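Here is a short walk through one structure, meant to be read with the model open beside you. Turn the view as you go and pick out each element when it comes up.

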Amino acid sequence: MRVIELNKSITASNDADADALRAALKEQGILLVNIMSSPGSGKTTLLERTIMDMRDRHQFGVMEADIASDVDALRIEKIGAKAIQAHTDGMCHMDAGMTERALTAMGCDELDIIFLENVGNLICPAEFDTGAAKNVMILSVPEGDDKPLKYPLMFEKSDALIITKIDTMDYFDFSLDKCKERVLRLNPDIQIFPVSAVTGEGCKEWEEWLEEQVQA
Ligand SMILES: Nc1nc2c(ncn2[C@@H]2O[C@H](COP(=O)(O)OP(=O)(O)OP(=O)(O)O)[C@@H](O)[C@H]2O)c(=O)[nH]1
Ligand SMILES: [Mg+2]
């Protein structure tokens with residue numbers, strides 16, 4: 001497993017770097033999807049299922065951004081997809097310069113969908129454009145349906161919201177309707193997919209949306 005140590009980007013203009021990276025990836029026909037959520041919401045589990053369901057049609061790569069360890073990248077390699085572990089030098093987010101260096105280190109010539117599993121937290125990753133074509137947020141049922149009220153920016157910045165662990169709905173006081181209403185008030189254009197990465201419920205709709213983004 002390769003681990004790349006990333007330090008803070010030297011350029012001050014993250015937005016310009018992000019636009020340049022987005023344009024370069026579009027030119028190469030690569031869809032970069034930035035996955036954001038709190039720690040343990042189920043990012044890696046959902047990526048494993050998505051890759052296994054779609055790997056006959058696409059070549060996947062995953063950049064796992066964490067402060068330490070290589071466990072997530074090893075999980076992705078275990079299912080046969082390309083992966084690199086990026087260490088953020090204690091930083092709580094990825095920016096465009098860090099994303100570009102991780103992409104270069106991984107190598108993406110033969111890939112057509114690349115996931116960036118961003119550092120787990122609901123605040124900092126929403127503030128930095130990574131250069132991804134699409135931003136996807138994951139919220140899990142045990143975290144509660146009030147999260148759109150407390151962390152609005154991430155919901156505003158995301159193109160899609162995956163509400164995961166719906167198989168645990170009976171055990172938590174989570175209202176899907178209330179959650180959707182709160183999210184849509186912040187971002188009327190967001191696509192919402194309730195799923196369980198364990199049972200597979202709802203994953204087809206999310207994967208169809210992902211397929212549409214690759215084709216676009
Ligand atoms: N019941 C249930 N458990 C899930 C689901 N998805 C993930 N989990 C469990 O949630 C825990 C965390 O899952 P991960 O996929 O490692 O979460 P993560 O967001 O990648 O975690 P970090 O990378 O550490 O932030 C594990 O115990 C998973 O088995 C789901 O849909 N349903
Ligand atoms: Mg993970």
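Helix α1 (residues 14-28) and helix α4 (residues 96-106) have axes that come within 8 Å and cross at roughly 35°. On the α1 side, the contact is made by Asn14, Asp17, Ala18 and Leu21, and on the α4 side by Ala96, Gly97, Thr99 and Glu100. By residue type, this contact divides into 3 nonpolar, 3 polar and 2 charged. Please keep in mind that this is a predicted model.

Is Asp17 buried or exposed? Asp17 counts as buried because 21 other C-beta atoms lie within 10 Å, and the cut-off for buried is 20 or more.

## The sheet

Now turn to the strands. There are 8 of them in an open sheet, in the order β1-β4-β3-β5-β2-β6-β7-β8, and the pairing is parallel. The edge strands are β1 (3-5) and β8, each of which pairs on one side only. From one strand to the next, the twist averages 20°. Helix α4 comes back into the picture here: it packs on the sheet and touches β1, β3 (60-66), β4 (82-87) and β5 (113-117), with its direction making about 140° with that of β4.

| Strand pair | Bridges | Opposite residues |
|---|---|---|
| β2 (residues 31-36) and β6 | 4 bridges, parallel | Val33 and Lys134 |
| β6 (residues 134-140) and β7 | 5 bridges, parallel | Met137 and Leu161 |
| β7 and β8 (residues 191-194) | 4 bridges, parallel | Ile163 and Pro194 |

From β7 the chain crosses through helix α7 (residues 176-186) to β8, and this β-α-β crossover is right-handed. How much of strand β7 is covered? Strand β7 (residues 160-164) is mostly covered, with 4 of its 5 residues buried.

Most residues other than glycine have a negative phi.

Asp89 is found in the loop between β4 and α4. Its phi is near 55°, a positive value in a residue other than glycine. Asp89 counts as exposed because there are 11 C-beta neighbours inside 10 Å, and the cut-off for exposed is 12 or fewer.

Lys165 sits in the loop between β7 and α7. Although Lys165 is not a glycine, it has a positive phi of about 65°. Why does Lys165 count as buried? Lys165 is buried because 24 other C-beta atoms lie within 10 Å.

Asp17 and Lys165 are 148 residues apart along the chain, and their C-alpha atoms are separated by 35 Å.

## Around the ligand

Finally, have a look at ligand 1. Which residues come nearest to ligand 1? Of the 17 residues around ligand 1, the nearest are Gly42, Lys43, Thr44, Thr45 and Gly120. Helix α2 (residues 43-54) gives the most to this shell, with 3 residues. By type, the shell around ligand 1 divides into 3 nonpolar, 10 polar and 4 charged residues.

Conventions: Residues numbered from 1 in each chain as written. Chains lettered and ligands numbered in written order. Predicted model: local features only at pLDDT ≥ 70, side-chain atom pairs only at ≥ 80, totals over all residues. Helix = DSSP H or I, 4+ residues; strand = E, 2+ residues; numbered from the N terminus. Pairing = 2+ DSSP bridges. Right-handed = clockwise from strand over helix to strand, strands pointing away. Axes fitted to C-alpha atoms, helices over the stretch in contact; angles between N-to-C directions. Contact = placed C-beta atoms within 7 Å. Nonpolar A, V, L, I, M, F, W, Y, C, P; charged D, E, K, R; others polar. Near = placed C-beta within 6 Å.
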